[in-house]
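Have the model open while you read.

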Amino acid sequence: MKERILYADILRVAAIFLVITIHIISRDFDLYAIDSYQWQMLNVYDSFARMSVPLFFMMSGIFFLDPKRTFSIKKFYKKNVFRLVTAFIFWSALYSLIFTWNEYRTFNSEVWSIMVEAFKEGHFHLWFLFRMIEIYVMIPFLRKIAEDKKIILYVIVFCFYIGFILPSYHKFPVSSTVTFAERGINLDITFGYVGYFFAGYYLAHYDLKKWLKTGIYLLGLAGVMITIIITSSESLKQGKHYDIPYEYLTPNVFFMSIAAFLLAKERLNPKNVKTQFKRVLSELSTYSFGIYLIHVLIIFLIWKTGVTTLFTTPILSIPLLTLLIFCISYVCVKAMAQLPFIKRFIL
């Protein structure tokens with residue numbers, strides 16, 4: 001079996017669990033009063049889960065920015081970029097068809113027009129594909145930057161200011177999940193995710209001094225607490241859900257994400273691991289992209305049956321539903337992957 005980076009596989013699987021958690025919670029926030037313990041529990045889970053998407057970008061940075069890895073622009077576009085494009089076309093078409101039919105229950109010229117617009121913009125979670133394509137096309141010259149340690153640090157600091165400080169200061173006039181299909185290219189948002197790319201590469205390939213690691217862990221813990229507390233207090237004050245602290249390009253989410261990445265690298269890379277565990281982890285990690293693409297549809301179908309986080313206390317219902325949806329999504333993706341074309345271009 002090809003040698004893999006264990007902690008990267010662990011983080012990839014954990015990140016998809018956290019993404020599912022976010023999308024479960026987003027459907028049910030309105031079911032609870034803001035001053036209820038149930039709403040506050042959803043806030044705790046959601047705040048912690050915000051490191052999910054940043055971890056995906058950071059893990060991509062580990063591999064794609066490594067100057068030591070063989071890289072061919074032609075092969076990269078034919079394999080990686082083309083796969084993102086074909087995946088978007090398939091899944092955006094599927095989601096626009098299903099959700100347009102679910103809302104209108106008919107097809108006429110007006111509904112077809114709505115469906116076409118929905119296809120172009122992509123279902124809400126497909127913003128990730130737009131952003132990855134945008135970053136991917138820059139990789140050939142980003143790799144050159146990654147050859148110099150000092151330049152990497154400069155880029156991270158630059159991206160932190162442009163992509164995290166400024167949008168946070170202006171309270172995100174453009175969401176960190178916006179796509180260029182909706183609003184065109186927004187360089188501050190782009191630089192933010194480039195910052196995650198380089199942060200992942202730097203943390204993976206360079207050792208930090210002990211005091212710096214401690215500082216990152218403390219900032220990460222503070223990031224989680226700030227996200228929970230500010231979201232809760234501002235929501236109670238305004239009488240509606242205040243979700244700016246959830247933005248992926250806030251300093252609080254940045255620090256919790258790099259702290260989680262660093263902790264995984266330092267603690268979740270043991271040398272003596274059973275081959276069976278590695279095989280299962282590798283399997284789940286391999287299909288994480290497909291699980292990301294399909295899980296929103298699985299959530300939609302399960303909620304159509306009347307199942308929500310209300311079936312028991314959110315302390316239990318959220319992790320249980322997350323596990324259920326992850327397993328169903330995996331089974332569906334595994335089945336789809338039996339067709340070589342689907343596996344290569346859609347998942």
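1. The second largest pocket holds about 620 Å³ of space. A pocket here is an open set of points on a 1 Å grid over the protein atoms alone, where a 1.4 Å probe fits, with protein on both sides within 12 Å along at least five of seven lines; lining residues have an atom within 4 Å of a point. Of its 32 lining residues, His23, Phe124, His125, Trp127 and Thr177 are the closest to the centre.

2. Keep in mind that this is a predicted model: local features need pLDDT of at least 70, side-chain atom pairs count only at pLDDT 80 or more, and totals for chains, interfaces and linings use all residues. Residues are numbered from 1 along each chain as its sequence is written, and side-chain values use heavy atoms, with hydrogens and water left out.

3. Now the largest pocket: about 1,800 Å³ of space lies there. It has 41 lining residues, with Arg12, Phe64, Lys79, Asn80 and Arg83 closest to the centre.

4. Last, Ser47, which sits in helix H2 (residues 37-49). Ser47 counts as buried because its relative accessibility is 0%, and buried means under 20% relative accessible area with a 1.4 Å probe, protein chains only. The Ser47 side chain reaches the backbone oxygen of Asn43 at 2.7 Å.

Definitions and conventions:
Helices (H or I, at least four residues) and strands (E, at least two) are DSSP runs, numbered from the N terminus. Buried means under 20% relative accessible area, exposed over 50%, partly exposed in between (1.4 Å probe, protein chains only). A polar contact is a pair of N or O atoms within 3.5 Å; within protein, one must be able to donate a hydrogen and the other to accept it, and residues adjacent in sequence count only if both atoms are side-chain atoms. Grid points are joined across faces, edges and corners, and a volume is the space filled by probe spheres set on the points.
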